[in-house]
Amino acid sequence: MGITPEDYPGNALAGIDFQRRLEERAFELGGGTYEAPGQLVGDFLNHRPSTAFGTVKPSYTPGVHLGDLSESLPDYAIAAIREALPAFDKQIKGFAMDDAVLTGVETRTSSPIRIKRKEDYQSLNTVGLYPAGEGAGYAGGILSAGIDGIKVAEAVALSILRNVSF
């Protein structure tokens with residue numbers, strides 16, 4: 001489950017406001033020094049703040065400020081992460097190692113603005129424009145962007161075929 005426009009209703013730029021709030025909170029939780037907020041997986045799963053690193057040392061520079069990540073995202077996102085970590089660990093042993101470090105908050109993976117499009121994947125107000133992928137707000141990573149790109153490419157091809165006479 002990801003964060004969608006339903007999480008920040010309002011005007012067209014509400015996603016940017018939502019993103020800024022998350023980033024401001026991350027700055028505060030990071031100690032106000034541009035360190036990222038972080039927490040050990042074991043502490044996160046057991047609902048307690050982290051106070052010291054274990055054997056895993058974060059590589060993020062300028063650093064990681066340990067604490068409680070549950071204050072960094074909406075409750076439903078924290079609940080989803082708490083559910084996902086043990087599930088991933090069943091598939092990839094060690095994924096949810098107690099002293100692994102969760103580092104947050106990443107908010108720049110996709111556009112906070114969605115360019116609306118019709119069922120044929122064209123822009124609502126610009127014929128021939130096919131908003132696609134992360135930058136248009138239709139994907140949250142490389143795989144979903146690739147899939148969206150394929151769907152848009154198919155829509156473009158169909159549009160061309162409809163307008164070509166043989």
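Reader: R25 first. Buried, exposed or in between?

Author: R25 counts as partly exposed, at 27% relative accessibility. Buried means under 20% relative accessible area, exposed means over 50%, and partly exposed is in between, with a 1.4 Å probe and protein chains only. A word on the source: this is a predicted model, where local features need pLDDT of at least 70, side-chain atom pairs count only at pLDDT 80 or more, and totals for chains, interfaces and linings use all residues. Residues are numbered from 1 along each chain as its sequence is written, and side-chain values use heavy atoms, with hydrogens and water left out.

Reader: Which residues does R25 form salt bridges with?

Author: R25 is linked with E28 and E71 in a network of salt bridges. A salt bridge here is a side-chain nitrogen of Lys or Arg within 4 Å of a carboxyl oxygen of Asp or Glu. For E28 and R25, the closest N and O atoms are 2.8 Å apart. For E71 and R25, they are 2.7 Å apart.

Reader: Where do E71 and R25 lie?

Author: E71 lies in the loop between strand 2 and helix 3, and R25 in helix 1, so their pair ties together parts that are 46 residues apart in sequence. Helices (H or I, at least four residues) and strands (E, at least two) are DSSP runs, numbered from the N terminus. E71 counts as partly exposed, at 41% relative accessibility.

Reader: And where do E28 and R25 lie?

Author: Both lie in helix 1, residues 14-29. They are 3 residues apart, about one turn of the helix.

Reader: How many salt bridges does the structure hold?

Author: The structure holds 5 salt bridges. One of them joins K93 and D89, at 3.7 Å from N to O. K93 counts as exposed, at 73% relative accessibility. D89 counts as buried, at 16%.

Reader: Why would side chains pair up like that?

Author: Side chains of opposite charge can pair when their charged atoms come close.

Reader: New topic: strands. Which strands pair with strand 1?

Author: Strand 2, residues 64-66, pairs with strand 1 in the parallel sense over 3 bridges. Strand 3, residues 101-103, pairs with strand 1 in the antiparallel sense, also over 3 bridges. Two strands pair if DSSP finds at least two bridges between them.

Reader: Which residue stands opposite G38? And opposite Q39?

Author: G38 stands opposite L66 in strand 2. Q39 stands opposite L102 in strand 3.

Reader: Is strand 1 mostly covered or open?

Author: Mostly covered: 5 of its 5 residues, 36-40, are buried. A36, G38 and L40 are on one side, P37 and Q39 on the other. Both faces are covered.

Reader: L102 came up. What is L102 in contact with?

Author: Leaving aside neighbours within four places in sequence, L102 is in contact with P37, G38, Q39, V41, F44, L69 and L85. Contact means heavy atoms within 4.5 Å.

Reader: Which residues make up the largest nonpolar core?

Author: That core has 8 residues: V41, F44, L69, I78, L85, A96, A100 and L102. Helix 2 (41-45) and helix 3 (75-91) each supply at least two residues of this core. A nonpolar core is a set of buried Ala, Val, Leu, Ile, Met, Phe, Trp, Tyr and Cys residues joined through side-chain atoms within 4.5 Å.

Reader: Rings now. How many aromatic pairs are there?

Author: The structure holds 2 aromatic pairs. F27 and Y34 form an edge-to-face pair, 4.9 Å centre to centre, with 65 degrees between the planes. F88 and F95 have ring centres 5.2 Å apart and planes at 50 degrees, so that pair is tilted. Rings of Phe, Tyr and Trp (its six-membered ring) pair if their centres lie within 6.5 Å; planes under 30 degrees apart count as stacked, over 60 as edge-to-face and the rest as tilted.

Reader: How exposed are F27 and Y34?

Author: F27 counts as partly exposed, at 33% relative accessibility. Y34 is exposed, with a relative accessible area of 61%.

Reader: Last one. What lies over the face of Y138?

Author: R114 lies there, at 4.4 Å from the ring centre. R117 lies over that face too, at 3.5 Å from the ring centre. A charge sits over a ring if NZ of Lys or CZ of Arg is within 6 Å of the ring centre and within 35 degrees of the ring normal.
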